[in-house]
Amino acid sequence: QVQLVESGGGLVQPGGSLRLSCAASGSDFSAGTMGWFRQAPGKQRELVATITRGGTTNYADSVKGRFTISRDNAKNTVYLQMNSPSPEDTAVYYCYARRLRYQDDYWGQGTQVTVSS
């Protein structure tokens, strides 16, 4: 069974930094596009950033210049480096991965990120 395991969430001060990690595990699993979505209270889930297997990135306008997505294909792991977060970035962050072989989508359980002084 394929699982996405997230880590790194928690409380961070405005202007600080935080790095989220998400590892896809499962027999014979290779991830194609991976990414991060988030959902704040009272809002719809929105795209934060995606990265293809070849390294092409896409960011929401709200996080450009502050967040950086990266990946390690050998480990089927995607990262989100969050620099200078603001309270508006407070949300549950969900990891996303598309299986390369079958083009099926998988989601992590979500990790809470709270930006507060």
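The protein carries 12 positive and 9 negative side chains, and the centres of these two sets are 4 Å apart. The model is a predicted one. Its secondary structure consists of 11 strands and zero helices.

**Fold and overall shape**
- Along the sequence, the elements of the protein run β-β-β-β-β-β-β-β-β-β-β.
- The radius of gyration is 14 Å, close to the 13 Å that the globule rule gives for 117 residues, so the protein is as compact as a globular protein of that length.
- Taken along the principal axes, the box filled by the C-alpha atoms is roughly 45 × 25 × 25 Å.

**Burial, surface and contacts**
- Of the protein's 117 residues, 42% count as buried.
- The protein has an accessible surface of about 6,200 Å², and carbon and sulfur atoms account for 43% of that surface.
- When contacts between residues at least 6 apart in sequence are taken, 53% of them join residues at least 24 apart.

**Arg66 and its surroundings**
- Arg66 sits in the loop that lies between strand E6 (57–59) and strand E7 (67–72).
- The Arg66 side chain reaches two backbone oxygens: that of Ser62 at 2.8 Å, and that of Ser84 at 3.1 Å.
- Ser84 is also among the residues in contact with Arg66 once neighbours within four places in sequence are left aside.

How values were computed
Residues are numbered from 1 along each chain as its sequence is written. This is a predicted model: local features need pLDDT of at least 70, side-chain atom pairs count only at pLDDT 80 or more; totals for chains, interfaces and linings use all residues. Side-chain values use heavy atoms; hydrogens and water are left out. Helices (H or I, at least four residues) and strands (E, at least two) are DSSP runs, numbered from the N terminus. The radius of gyration is taken over C-alpha atoms; the globule rule is 2.2 Å times the number of residues to the power 0.38. Buried means under 20% relative accessible area, exposed over 50%, partly exposed in between (1.4 Å probe, protein chains only). Contact means heavy atoms within 4.5 Å. Accessible areas come from the Shrake-Rupley method with a 1.4 Å probe; for residues, only the protein chains shown count as cover. Lys and Arg count as positive and Asp and Glu as negative; His and the chain ends are not counted. The place of a charge is taken as NZ of Lys, CZ of Arg, CG of Asp or CD of Glu. A polar contact is a pair of N or O atoms within 3.5 Å; within protein, one must be able to donate a hydrogen and the other to accept it, and residues adjacent in sequence count only if both atoms are side-chain atoms.
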